[in-house]
Amino acid sequence: MTSPSTTLAPPNHALERTPEEWAETLGSWGEPRYRGIQVFRWLHQRGVFDPAAMTDLPRTLRARLEGEALAPPLETSYVHQSEDGTRKLLLGLGDQRTIEAVLIPMKSMAPGEGDTPEDSEGEADEAPRAWVTQCISSQVGCAMACVFCASGIAGFKRHLSAAEIVGQVMVGRTTLAATDERVRNVVFMGMGEPLHNYDAVARALTLLVHPDGLGLSKRRVTVSTSGLVPEIDRLGRDFGGQVQLAISLHSPDDSKRSEIMPINRKYPLAELVESLRRYPLPKRRRITIEYTLIDGFNATVADARALARLMRGIPVKVNVIPMNPVADNPLGAPSWEVVDAFQDALRAQGVASFVRRRKGDDIAAACGQLALAGEKKKVRVPLPVTS
Ligand code: SAH
């Protein structure tokens, strides 16, 4: 089963239709249902939007599809290349706004940062490739106003549509087409709070993991949230806990967490932790806890121990992220000694933890650095047109 157990909100763009919805539409035109999968594959698997190029469809159907205005949802794109292989994509939306997505080669990760053994469990052996993690955005701007993050500075502008979310992964694939690199993991860790845009994100998830589309593995798609409790429950229900969940925690102390993450006033830690206990996590899988280390604020050994206590009984792995610099923001990362001591303290409590070394920060592509695109200083490299 690839569809969530509850009904999705209706599609608003041809790219958002599932094969089943395409079959309905085409059925109403008098076409056999299997044509739905064919059209879906052209769009999602091959990235072909021009009906004239859909060669296995009858000519009459191709002509009718011309009327559906099948167009890629993201219009222009540029690539900023980092010295470490990370690439930041600037993507133009139909309304002239711009969003960012990041391609992060997994081989540039430090030891221990990549897969944990259970991440690959049960997956068929595939030809060795250079795997890439793509970080995508779910909104233009963000309403959460976390004090350490660049994405919220300009506030919330609008939600992205499911087509705009899936479109980012399609552009990612096109960008890598001429290389041996392939997008294998997708993380909703770009701009925006994905669970604040639940309907579009749920539809995008359904499309991204569809075997006739981009065919990502559910466990390789991570939804990262600042902690919207009702939507965490909904995600768990709709996708049976299969989608990887990441929680931005950043402090085990309620009053401190509220200081840096206003959402904590609405859903305090006790409620958030309860929702993690309820999450229908499959066996041998773990919830990811993101913990941005801010110098002098949340980085002591006592904080690490309190975090371990808070997570007791919940299968988690902690990603420790030394705070990336944000312009005009005085907060910063602690020294590496402090980072190591924090990680050691977590491990001593039996909590798996990985330190995320900064990637792509020379192009402002690291966690929390994606912002509403203003003038960019780096050279812009135009992308090749779709494959
Ligand atoms: N809204 C989602 C996705 C946000 S970004 C969420 O809150 O989870 C992904 C991660 O980057 C989050 O854990 C976020 O807290 C973290 N982050 C934000 N700003 C950062 C910064 N300046 N340095 C390091 N991590 C940061």
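Which polar backbone atom is 3.0 Å from a nitrogen atom of the ligand? The backbone atom belongs to glycine 192.

## Model

This is a predicted model, with local features needing pLDDT of at least 70, side-chain atom pairs counting only at pLDDT 80 or more, and totals for chains, interfaces and linings using all residues. Residues are numbered from 1 along each chain as its sequence is written, and side-chain values use heavy atoms, with hydrogens and water left out.

## Ligand contacts

A ligand nitrogen sits 2.9 Å from a polar backbone atom of asparagine 324. A ligand oxygen is 3.4 Å from one of serine 226. Alone, the ligand exposes 540 Å², and the protein buries 97% of that (Shrake-Rupley areas, 1.4 Å probe).

## Ligand shell

The shell holds 21 residues, each with a heavy atom within 4 Å of the ligand. Phe148, Ser224, Ser248, His250 and Asn324 come nearest. By class, the shell has nine nonpolar, 10 polar and two charged residues; Gly counts as polar. Strands E8 (221–225) and E10 (287–293) each supply at least two shell residues. Strands are DSSP runs of E, at least two residues; helices are runs of H or I, at least four.

## Helix pair

Helices H5 (residues 162–176) and H6 (residues 198–208) pack at about 40 degrees, with axes 8 Å apart.

How values were computed. Polar contact = N/O pair within 3.5 Å; in protein donor to acceptor, adjacent residues only side chain to side chain. Axes fitted to C-alpha atoms, helices over the stretch in contact; angles between N-to-C directions.
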